[in-house]
Amino acid sequence: MFLKREKELSKLKTFLSSENSTAAMIYGVRQIGKSALILKSIEGMKNILYYECLDSTTEEDIKQISRRIRTQLQLPEIKADDIIELFDNLKAFNRNFTIILDEYQYLKRNFTSGNMDSYMQSIIDSLKGSGIKIILSGSYVSEMKELLLKTNPLFNRFQLIIHLKELDYYDAAAFYPDLSSREKAMFYSVFGGSPNALSLLNPEKSLEDNIKELFLHESAPLRFYIEYILFQELRKAQSANAVMDILKNSKYRFSEIEEKIKGVEEKNLARQLKVLLDMEAVEKVSPINAKDDKRKTFYTITNNLVRFYYAYIFSNKAELARIGPDLFFRLYIEPSLNTFISYRAEEIARSYFMRKARENALGDVFDIGTYWYDDKKRKKNGEFDCVLKRDNSYDIYEVKFLSSKLSKKLMEEEIRKIQEIESINIGKMGFISFSGFECELSGIDQICGDELYL
(Lines give C-alpha, C1' and ligand atoms only; values in the text may rest on other atoms or scores of the structure.)
Protein backbone atom coordinates (compact mmCIF):
# COMPACT_ATOMS: atom_id res chain seq x y z
CA MET A 1 0.00 0.00 0.00
CA PHE A 2 1.56 3.30 -1.10
CA LEU A 3 -0.01 6.40 0.44
CA LYS A 4 1.20 9.99 0.79
CA ARG A 5 4.84 10.87 0.02
CA GLU A 6 3.58 12.96 -2.93
CA LYS A 7 6.33 15.58 -2.61
CA GLU A 8 9.11 13.01 -2.38
CA LEU A 9 7.66 11.03 -5.28
CA SER A 10 7.44 14.13 -7.44
CA LYS A 11 11.07 15.06 -6.71
CA LEU A 12 12.28 11.56 -7.50
CA LYS A 13 10.35 11.40 -10.77
CA THR A 14 11.77 14.79 -11.77
CA PHE A 15 15.26 13.46 -11.08
CA LEU A 16 14.62 10.35 -13.16
CA SER A 17 13.27 12.35 -16.12
CA SER A 18 15.99 15.01 -16.11
CA GLU A 19 18.78 14.71 -18.66
CA ASN A 20 21.13 16.69 -16.41
CA SER A 21 20.89 14.55 -13.28
CA THR A 22 23.26 11.73 -12.47
CA ALA A 23 23.13 10.76 -8.80
CA ALA A 24 20.54 10.75 -6.02
CA MET A 25 20.65 9.70 -2.40
CA ILE A 26 17.71 8.50 -0.31
CA TYR A 27 18.10 7.59 3.34
CA GLY A 28 16.05 7.04 6.46
CA VAL A 29 15.58 4.54 9.27
CA ARG A 30 14.40 1.02 8.53
CA GLN A 31 10.78 0.40 7.59
CA ILE A 32 10.25 4.06 6.72
CA GLY A 33 9.27 3.37 3.10
CA LYS A 34 12.43 4.07 1.06
CA SER A 35 12.17 1.00 -1.14
CA ALA A 36 8.44 1.53 -1.64
CA LEU A 37 9.08 5.13 -2.73
CA ILE A 38 11.77 4.07 -5.18
CA LEU A 39 9.72 1.24 -6.64
CA LYS A 40 6.71 3.54 -7.02
CA SER A 41 8.81 6.13 -8.84
CA ILE A 42 10.03 3.63 -11.44
CA GLU A 43 6.65 2.02 -12.19
CA GLY A 44 6.29 1.57 -15.94
CA MET A 45 9.90 2.57 -16.64
CA LYS A 46 12.35 0.48 -18.62
CA ASN A 47 16.09 -0.03 -18.30
CA ILE A 48 15.96 -0.11 -14.50
CA LEU A 49 18.28 -2.21 -12.36
CA TYR A 50 17.25 -2.49 -8.73
CA TYR A 51 19.66 -4.24 -6.39
CA GLU A 52 19.66 -4.59 -2.62
CA CYS A 53 23.25 -4.82 -1.45
CA LEU A 54 24.20 -7.84 0.65
CA ASP A 55 25.83 -7.83 4.05
CA SER A 56 28.52 -9.94 2.43
CA THR A 57 31.68 -9.40 0.38
CA THR A 58 32.06 -6.77 -2.32
CA GLU A 59 32.98 -9.53 -4.75
CA GLU A 60 29.62 -11.22 -4.14
CA ASP A 61 27.80 -7.91 -4.64
CA ILE A 62 29.57 -7.34 -7.98
CA LYS A 63 28.69 -10.87 -9.05
CA GLN A 64 25.04 -10.39 -8.16
CA ILE A 65 24.83 -6.97 -9.86
CA SER A 66 26.29 -8.56 -13.01
CA ARG A 67 23.53 -11.15 -12.92
CA ARG A 68 20.88 -8.44 -12.50
CA ILE A 69 22.29 -6.74 -15.59
CA ARG A 70 21.46 -9.87 -17.52
CA THR A 71 18.02 -10.51 -15.97
CA GLN A 72 16.74 -6.95 -15.44
CA LEU A 73 18.41 -5.05 -18.29
CA GLN A 74 18.37 -7.94 -20.76
CA LEU A 75 22.06 -7.49 -21.52
CA PRO A 76 24.93 -9.95 -21.63
CA GLU A 77 26.29 -10.68 -18.18
CA ILE A 78 29.25 -8.42 -17.41
CA LYS A 79 32.45 -9.74 -15.92
CA ALA A 80 34.34 -7.27 -13.75
CA ASP A 81 37.07 -7.37 -11.11
CA ASP A 82 35.83 -4.29 -9.30
CA ILE A 83 32.81 -1.99 -9.27
CA ILE A 84 34.48 0.74 -11.36
CA GLU A 85 35.17 -1.77 -14.14
CA LEU A 86 31.56 -2.97 -13.88
CA PHE A 87 30.22 0.53 -14.56
CA ASP A 88 32.79 1.15 -17.29
CA ASN A 89 31.55 -1.97 -19.06
CA LEU A 90 27.95 -0.86 -18.56
CA LYS A 91 28.70 2.52 -20.18
CA ALA A 92 30.04 0.70 -23.24
CA PHE A 93 26.46 -0.25 -24.21
CA ASN A 94 25.71 3.46 -24.86
CA ARG A 95 22.20 3.24 -23.45
CA ASN A 96 20.24 5.06 -20.77
CA PHE A 97 20.01 3.09 -17.53
CA THR A 98 19.04 3.78 -13.93
CA ILE A 99 20.98 1.76 -11.38
CA ILE A 100 19.52 1.61 -7.86
CA LEU A 101 21.77 0.35 -5.08
CA ASP A 102 19.60 -0.14 -2.01
CA GLU A 103 21.17 -0.61 1.45
CA TYR A 104 24.36 0.99 0.13
CA GLN A 105 25.87 1.00 3.62
CA TYR A 106 26.60 -2.74 3.27
CA LEU A 107 28.58 -2.17 0.06
CA LYS A 108 30.43 0.66 1.80
CA ARG A 109 31.02 -1.23 5.04
CA ASN A 110 32.25 -4.51 3.55
CA PHE A 111 34.67 -3.05 1.01
CA THR A 112 38.18 -4.01 2.16
CA SER A 113 40.24 -2.73 -0.78
CA GLY A 114 39.92 0.96 -0.01
CA ASN A 115 37.23 3.60 0.45
CA MET A 116 34.03 2.60 -1.36
CA ASP A 117 32.80 6.21 -1.24
CA SER A 118 35.91 7.23 -3.19
CA TYR A 119 35.22 4.53 -5.77
CA MET A 120 31.60 5.65 -6.01
CA GLN A 121 32.68 9.26 -6.48
CA SER A 122 34.84 8.19 -9.43
CA ILE A 123 31.89 6.26 -10.88
CA ILE A 124 29.43 9.14 -10.50
CA ASP A 125 31.86 11.63 -12.05
CA SER A 126 32.37 9.32 -15.01
CA LEU A 127 28.61 8.92 -15.59
CA LYS A 128 28.00 12.56 -16.52
CA GLY A 129 26.64 12.70 -20.04
CA SER A 130 26.47 8.91 -20.30
CA GLY A 131 22.69 8.61 -19.82
CA ILE A 132 23.24 6.43 -16.74
CA LYS A 133 21.79 7.50 -13.40
CA ILE A 134 22.55 6.03 -10.01
CA ILE A 135 20.49 6.09 -6.82
CA LEU A 136 22.07 5.20 -3.49
CA SER A 137 19.68 4.29 -0.69
CA GLY A 138 20.37 3.23 2.87
CA SER A 139 18.81 2.52 6.26
CA TYR A 140 21.75 3.08 8.60
CA VAL A 141 21.22 6.81 8.97
CA SER A 142 24.53 7.64 10.65
CA GLU A 143 26.53 5.88 7.90
CA MET A 144 24.50 7.44 5.09
CA LYS A 145 24.88 10.92 6.61
CA GLU A 146 28.65 10.50 6.25
CA LEU A 147 28.20 10.79 2.48
CA LEU A 148 27.06 14.40 2.97
CA LEU A 149 30.09 15.56 4.94
CA LYS A 150 32.56 17.93 3.30
CA THR A 151 35.34 15.48 4.09
CA ASN A 152 33.60 12.66 2.21
CA PRO A 153 34.49 12.00 -1.46
CA LEU A 154 30.78 12.00 -2.34
CA PHE A 155 30.18 15.49 -0.96
CA ASN A 156 28.27 17.64 -3.45
CA ARG A 157 27.86 14.73 -5.90
CA PHE A 158 24.07 14.29 -5.52
CA GLN A 159 21.53 16.33 -7.48
CA LEU A 160 18.78 15.00 -5.22
CA ILE A 161 18.92 14.13 -1.52
CA ILE A 162 15.83 12.80 0.24
CA HIS A 163 15.92 12.24 3.99
CA LEU A 164 12.79 10.16 4.41
CA LYS A 165 11.11 10.53 7.79
CA GLU A 166 7.96 9.26 9.42
CA LEU A 167 4.58 10.47 8.28
CA ASP A 168 3.10 12.98 10.69
CA TYR A 169 -0.22 12.40 12.47
CA TYR A 170 -2.20 13.90 9.56
CA ASP A 171 -0.68 11.85 6.75
CA ALA A 172 -0.65 8.69 8.88
CA ALA A 173 -4.44 9.00 9.19
CA ALA A 174 -4.72 8.14 5.48
CA PHE A 175 -4.22 4.51 6.56
CA TYR A 176 -7.35 4.63 8.76
CA PRO A 177 -9.53 7.38 7.23
CA ASP A 178 -12.88 6.21 8.61
CA LEU A 179 -11.94 6.36 12.29
CA SER A 180 -13.00 9.23 14.54
CA SER A 181 -10.43 11.95 15.24
CA ARG A 182 -9.93 10.58 18.75
CA GLU A 183 -9.34 7.06 17.42
CA LYS A 184 -6.92 8.41 14.80
CA ALA A 185 -4.91 10.05 17.55
CA MET A 186 -4.88 6.80 19.52
CA PHE A 187 -3.65 4.73 16.56
CA TYR A 188 -0.96 7.28 15.72
CA SER A 189 0.20 7.47 19.33
CA VAL A 190 0.84 3.73 19.41
CA PHE A 191 1.86 2.88 15.84
CA GLY A 192 3.48 6.13 14.74
CA GLY A 193 4.08 7.15 11.14
CA SER A 194 6.08 4.34 9.54
CA PRO A 195 4.20 3.37 6.34
CA ASN A 196 5.32 -0.25 6.66
CA ALA A 197 3.87 -0.48 10.17
CA LEU A 198 0.71 1.39 9.21
CA SER A 199 0.07 -0.94 6.28
CA LEU A 200 -0.23 -3.84 8.76
CA LEU A 201 -3.08 -2.22 10.69
CA ASN A 202 -6.65 -3.40 10.46
CA PRO A 203 -8.77 -0.25 11.02
CA GLU A 204 -11.91 -2.36 11.25
CA LYS A 205 -10.59 -3.81 14.50
CA SER A 206 -10.10 -2.00 17.80
CA LEU A 207 -6.84 -0.49 18.96
CA GLU A 208 -6.63 -3.28 21.54
CA ASP A 209 -6.95 -6.00 18.91
CA ASN A 210 -4.33 -4.36 16.70
CA ILE A 211 -1.91 -4.09 19.62
CA LYS A 212 -2.38 -7.76 20.45
CA GLU A 213 -1.98 -8.95 16.87
CA LEU A 214 0.96 -6.73 15.94
CA PHE A 215 2.83 -6.54 19.27
CA LEU A 216 1.77 -9.19 21.77
CA HIS A 217 1.17 -12.46 19.96
CA GLU A 218 4.11 -14.77 19.40
CA SER A 219 6.02 -13.69 16.27
CA ALA A 220 3.90 -10.52 16.07
CA PRO A 221 5.34 -8.59 13.08
CA LEU A 222 6.06 -5.25 14.76
CA ARG A 223 7.64 -6.89 17.77
CA PHE A 224 9.72 -9.02 15.41
CA TYR A 225 10.81 -5.89 13.53
CA ILE A 226 12.00 -4.14 16.69
CA GLU A 227 13.68 -7.16 18.31
CA TYR A 228 15.34 -8.68 15.25
CA ILE A 229 15.90 -5.76 12.87
CA LEU A 230 16.05 -2.53 14.84
CA PHE A 231 18.12 -4.11 17.62
CA GLN A 232 20.86 -4.90 15.07
CA GLU A 233 21.48 -1.20 14.54
CA LEU A 234 21.00 -0.34 18.20
CA ARG A 235 23.97 -2.55 19.04
CA LYS A 236 26.19 0.31 17.86
CA ALA A 237 25.34 2.02 21.13
CA GLN A 238 26.46 -0.33 23.91
CA SER A 239 23.91 0.94 26.41
CA ALA A 240 21.11 1.51 23.88
CA ASN A 241 18.51 -0.75 25.43
CA ALA A 242 19.23 0.56 28.91
CA VAL A 243 18.81 4.17 27.73
CA MET A 244 15.66 3.41 25.75
CA ASP A 245 14.19 1.52 28.69
CA ILE A 246 14.76 4.56 30.89
CA LEU A 247 13.21 6.99 28.43
CA LYS A 248 10.10 4.96 27.59
CA ASN A 249 7.19 7.42 27.35
CA SER A 250 9.01 10.23 29.15
CA LYS A 251 11.82 12.68 28.56
CA TYR A 252 14.86 13.08 30.77
CA ARG A 253 17.86 15.35 31.18
CA PHE A 254 21.33 13.91 30.72
CA SER A 255 21.89 14.05 34.48
CA GLU A 256 18.66 12.15 35.12
CA ILE A 257 19.60 9.40 32.67
CA GLU A 258 23.05 9.24 34.24
CA GLU A 259 21.48 8.87 37.67
CA LYS A 260 19.18 6.03 36.55
CA ILE A 261 21.64 4.06 34.45
CA LYS A 262 24.19 1.88 36.21
CA GLY A 263 27.76 1.06 35.28
CA VAL A 264 28.12 3.68 32.53
CA GLU A 265 30.55 6.56 32.95
CA GLU A 266 29.52 10.09 31.98
CA LYS A 267 31.84 10.26 28.94
CA ASN A 268 30.68 6.88 27.71
CA LEU A 269 27.01 7.79 28.21
CA ALA A 270 27.56 10.97 26.18
CA ARG A 271 29.07 8.90 23.36
CA GLN A 272 26.23 6.38 23.47
CA LEU A 273 23.60 9.12 23.36
CA LYS A 274 25.37 10.70 20.40
CA VAL A 275 25.18 7.39 18.54
CA LEU A 276 21.47 7.13 19.30
CA LEU A 277 20.96 10.72 18.14
CA ASP A 278 22.84 10.05 14.90
CA MET A 279 20.69 6.96 14.34
CA GLU A 280 17.57 9.08 14.99
CA ALA A 281 16.49 6.60 17.65
CA VAL A 282 16.31 9.43 20.17
CA GLU A 283 16.14 13.21 19.87
CA LYS A 284 16.94 16.20 22.03
CA VAL A 285 14.09 18.58 22.84
CA SER A 286 14.12 21.96 24.55
CA PRO A 287 11.46 24.56 25.36
CA ILE A 288 11.35 27.32 22.76
CA ASN A 289 12.27 29.89 25.42
CA ALA A 290 15.28 27.96 26.79
CA LYS A 291 17.00 26.30 23.85
CA ASP A 292 20.50 27.01 25.10
CA ASP A 293 19.85 25.98 28.69
CA LYS A 294 21.32 22.50 29.19
CA ARG A 295 19.33 22.15 32.40
CA LYS A 296 16.16 22.23 30.30
CA THR A 297 17.39 20.00 27.46
CA PHE A 298 15.76 16.58 27.43
CA TYR A 299 16.21 13.30 25.59
CA THR A 300 13.21 11.37 24.31
CA ILE A 301 12.52 8.43 22.00
CA THR A 302 11.79 9.63 18.47
CA ASN A 303 9.42 6.96 17.20
CA ASN A 304 5.98 6.25 18.72
CA LEU A 305 6.13 2.60 17.71
CA VAL A 306 9.48 2.07 19.43
CA ARG A 307 8.35 4.14 22.41
CA PHE A 308 5.34 1.88 22.92
CA TYR A 309 7.54 -1.22 22.77
CA TYR A 310 9.90 0.07 25.47
CA ALA A 311 7.08 1.44 27.59
CA TYR A 312 5.21 -1.84 27.81
CA ILE A 313 6.99 -4.85 26.35
CA PHE A 314 10.79 -4.65 26.63
CA SER A 315 11.00 -5.15 30.41
CA ASN A 316 7.95 -7.42 30.59
CA LYS A 317 8.64 -10.01 27.88
CA ALA A 318 8.85 -12.86 30.37
CA GLU A 319 5.49 -11.94 31.90
CA LEU A 320 3.92 -11.70 28.44
CA ALA A 321 5.16 -15.19 27.61
CA ARG A 322 3.73 -16.58 30.85
CA ILE A 323 0.27 -14.99 30.94
CA GLY A 324 -0.49 -14.41 27.26
CA PRO A 325 -1.67 -11.39 25.22
CA ASP A 326 -5.19 -10.97 26.62
CA LEU A 327 -4.30 -10.85 30.31
CA PHE A 328 -1.09 -8.95 29.60
CA PHE A 329 -3.00 -6.21 27.81
CA ARG A 330 -5.54 -5.92 30.64
CA LEU A 331 -2.97 -5.83 33.45
CA TYR A 332 0.09 -4.16 31.92
CA ILE A 333 -1.19 -1.87 29.14
CA GLU A 334 -4.82 -0.89 29.63
CA PRO A 335 -4.46 0.92 33.00
CA SER A 336 -2.00 3.51 31.63
CA LEU A 337 -2.71 3.49 27.89
CA ASN A 338 -4.78 6.69 28.00
CA THR A 339 -1.93 8.49 29.79
CA PHE A 340 0.54 7.17 27.21
CA ILE A 341 -1.65 8.52 24.42
CA SER A 342 -2.26 11.88 26.13
CA TYR A 343 1.48 12.66 25.99
CA ARG A 344 1.47 12.01 22.26
CA ALA A 345 -1.65 14.15 21.85
CA GLU A 346 0.50 17.13 22.81
CA GLU A 347 2.90 16.22 20.01
CA ILE A 348 -0.04 15.99 17.58
CA ALA A 349 -1.20 19.47 18.61
CA ARG A 350 2.23 20.97 17.93
CA SER A 351 2.40 19.16 14.61
CA TYR A 352 -1.01 20.62 13.70
CA PHE A 353 0.27 24.15 14.20
CA MET A 354 3.45 23.37 12.26
CA ARG A 355 1.34 22.30 9.29
CA LYS A 356 -0.72 25.48 9.59
CA ALA A 357 2.42 27.62 9.79
CA ARG A 358 3.80 26.04 6.60
CA GLU A 359 0.48 26.87 4.94
CA ASN A 360 0.86 30.51 6.08
CA ALA A 361 -2.38 30.20 8.03
CA LEU A 362 -1.14 31.51 11.38
CA GLY A 363 0.39 34.87 10.56
CA ASP A 364 3.87 35.61 11.89
CA VAL A 365 4.89 32.70 14.10
CA PHE A 366 8.59 32.52 14.96
CA ASP A 367 8.56 29.08 16.56
CA ILE A 368 6.31 26.30 17.88
CA GLY A 369 7.00 24.07 20.86
CA THR A 370 6.72 23.91 24.63
CA TYR A 371 7.39 26.75 27.07
CA TRP A 372 9.21 26.41 30.38
CA TYR A 373 8.21 28.77 33.15
CA ASP A 374 9.79 29.51 36.52
CA ASP A 375 7.34 31.25 38.82
CA LYS A 376 9.62 32.44 41.62
CA LYS A 377 6.82 34.24 43.42
CA ARG A 378 4.81 31.04 43.90
CA LYS A 379 7.89 28.79 43.82
CA LYS A 380 6.50 26.83 40.90
CA ASN A 381 7.93 25.70 37.60
CA GLY A 382 6.56 23.67 34.76
CA GLU A 383 5.96 23.46 31.06
CA PHE A 384 3.09 24.51 28.80
CA ASP A 385 2.08 21.82 26.31
CA CYS A 386 1.85 23.78 23.10
CA VAL A 387 3.05 27.33 22.53
CA LEU A 388 3.35 29.60 19.50
CA LYS A 389 6.08 32.21 19.73
CA ARG A 390 5.21 35.54 18.17
CA ASP A 391 7.20 38.78 18.05
CA ASN A 392 6.50 40.02 21.58
CA SER A 393 4.17 37.39 23.02
CA TYR A 394 3.30 33.72 23.24
CA ASP A 395 0.04 31.98 22.30
CA ILE A 396 -0.60 29.23 24.84
CA TYR A 397 -2.71 26.14 24.15
CA GLU A 398 -3.57 23.45 26.66
CA VAL A 399 -4.09 20.01 25.12
CA LYS A 400 -6.71 17.67 26.60
CA PHE A 401 -7.19 14.05 25.62
CA LEU A 402 -10.30 13.25 27.64
CA SER A 403 -13.03 10.70 27.01
CA SER A 404 -15.68 13.41 27.46
CA LYS A 405 -16.11 17.00 26.33
CA LEU A 406 -13.95 19.59 28.01
CA SER A 407 -16.01 21.43 30.63
CA LYS A 408 -16.27 25.16 31.25
CA LYS A 409 -15.06 24.66 34.83
CA LEU A 410 -11.86 22.89 33.78
CA MET A 411 -11.13 25.50 31.10
CA GLU A 412 -11.57 28.35 33.58
CA GLU A 413 -9.27 26.63 36.07
CA GLU A 414 -6.54 26.23 33.43
CA ILE A 415 -6.93 29.84 32.29
CA ARG A 416 -6.55 31.06 35.85
CA LYS A 417 -3.35 29.03 36.34
CA ILE A 418 -1.87 30.41 33.13
CA GLN A 419 -2.74 34.00 34.02
CA GLU A 420 -1.02 33.63 37.39
CA ILE A 421 2.35 33.19 35.69
CA GLU A 422 3.93 36.66 35.60
CA SER A 423 7.06 35.89 33.60
CA ILE A 424 5.30 35.32 30.24
CA ASN A 425 3.68 37.85 27.92
CA ILE A 426 0.53 36.02 26.82
CA GLY A 427 -1.00 36.73 23.44
CA LYS A 428 -3.79 34.27 22.75
CA MET A 429 -5.02 31.45 24.97
CA GLY A 430 -6.70 28.34 23.70
CA PHE A 431 -7.55 24.67 24.14
CA ILE A 432 -7.31 21.62 21.95
CA SER A 433 -9.79 18.96 23.03
CA PHE A 434 -9.99 15.68 21.14
CA SER A 435 -13.53 15.08 22.48
CA GLY A 436 -14.81 18.61 21.89
CA PHE A 437 -16.20 21.18 24.32
CA GLU A 438 -19.25 21.58 26.52
CA CYS A 439 -19.51 25.29 25.70
CA GLU A 440 -17.75 28.22 24.06
CA LEU A 441 -15.73 30.76 26.02
CA SER A 442 -15.43 34.31 24.72
CA GLY A 443 -11.92 35.27 23.62
CA ILE A 444 -10.59 31.71 23.93
CA ASP A 445 -9.51 29.72 20.88
CA GLN A 446 -11.14 26.27 21.01
CA ILE A 447 -10.03 23.56 18.60
CA CYS A 448 -11.75 20.18 18.61
CA GLY A 449 -10.21 16.94 17.41
CA ASP A 450 -12.04 16.92 14.07
CA GLU A 451 -10.43 20.25 13.10
CA LEU A 452 -6.98 18.69 13.35
CA TYR A 453 -7.80 16.40 10.43
CA LEU A 454 -9.50 18.85 8.06
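**Notes on a predicted structure**

1. The side chains of Asp125 and Arg157 form a salt bridge, with 2.8 Å from N to O. A salt bridge here is a side-chain nitrogen of Lys or Arg within 4 Å of a carboxyl oxygen of Asp or Glu. Asp125 sits in helix α6 (residues 116-127), while Arg157 sits in the loop between α7 (141-145) and β5 (160-163), so the pair ties together parts that are 32 residues apart in sequence. Helices (H or I, at least four residues) and strands (E, at least two) are DSSP runs, numbered from the N terminus. Asp125 is partly exposed, at 27% relative accessibility. Arg157 is partly exposed too, with a relative accessible area of 22%. The cut-offs are these: buried is under 20% relative accessible area, exposed is over 50%, and partly exposed is in between (1.4 Å probe, protein chains only).

2. A word on the ground rules. This is a predicted model, in which local features need pLDDT of at least 70 and side-chain atom pairs count only at pLDDT 80 or more, while totals for chains, interfaces and linings use all residues. Residues are numbered from 1 along each chain as its sequence is written, and side-chain values use heavy atoms, leaving out hydrogens and water.

3. How many salt bridges does the structure hold? There are 29. Side chains of opposite charge can pair when their charged atoms come close. Glu77 is partly exposed, at 30% relative accessibility. Arg70 is partly exposed, with a relative accessible area of 41%.

4. Are Asp395 and Arg390 buried or exposed? Both are buried. Their side chains meet in a salt bridge of 2.6 Å, N to O. Elsewhere, salt bridges link Lys4, Asp168, Asp171 and Arg355 in a network.

5. Now the sheet. It is open, has 5 strands and runs in the order β2-β3-β4-β1-β5, with parallel pairing. Its edge strands are β2 (48-52) and β5, each of which pairs on one side only. Neighbouring strands are turned by 10 degrees against each other on average, direction ignored. Two strands pair if DSSP finds at least two bridges between them. Strands of a sheet pair through backbone hydrogen bonds, either parallel or antiparallel.

6. Look at β1 (residues 23-27) beside β5. The two run parallel and are joined by 4 bridges. Which residue of β5 is the bridge partner of Tyr27? It is His163. Helix α1 (residues 6-17) packs on the sheet and touches β1, β3 (97-102), β4 (132-138) and β5. Contact means heavy atoms within 4.5 Å. The direction of α1 makes about 150 degrees with that of β4. Axes are lines fitted to C-alpha atoms, for helices over the stretch in contact, and angles run from 0 to 180 degrees between N-to-C directions.

7. Helix α11 (207-216) is mostly covered. Of its 10 residues, 7 are buried. They are Leu207, Asn210, Ile211, Lys212, Leu214, Phe215 and Leu216. What covers them includes α9 (181-191), α12, α16 (304-312) and α17.

8. Check two loop residues. Most residues other than glycine have a negative phi. Ser219 has a positive phi of about 60 degrees, although it is not a glycine. Ser219 lies in the loop between α11 and α12 (221-234), and is exposed at 64% relative accessibility. Asn360 also has a positive phi, near 60 degrees. Asn360 is in the loop between α17 (317-358) and β8 (367-375). Asn360 is exposed, with a relative accessible area of 69%.

9. Tyr332 lies in helix α17 and is partly exposed, at 32%.

10. Asp81 is in the loop between α3 (58-72) and α4 (83-91). Asp81 is exposed, with a relative accessible area of 71%. From Asp81 to Lys379 the distance is 72 Å, C-alpha to C-alpha, and the two are 298 residues apart in sequence.
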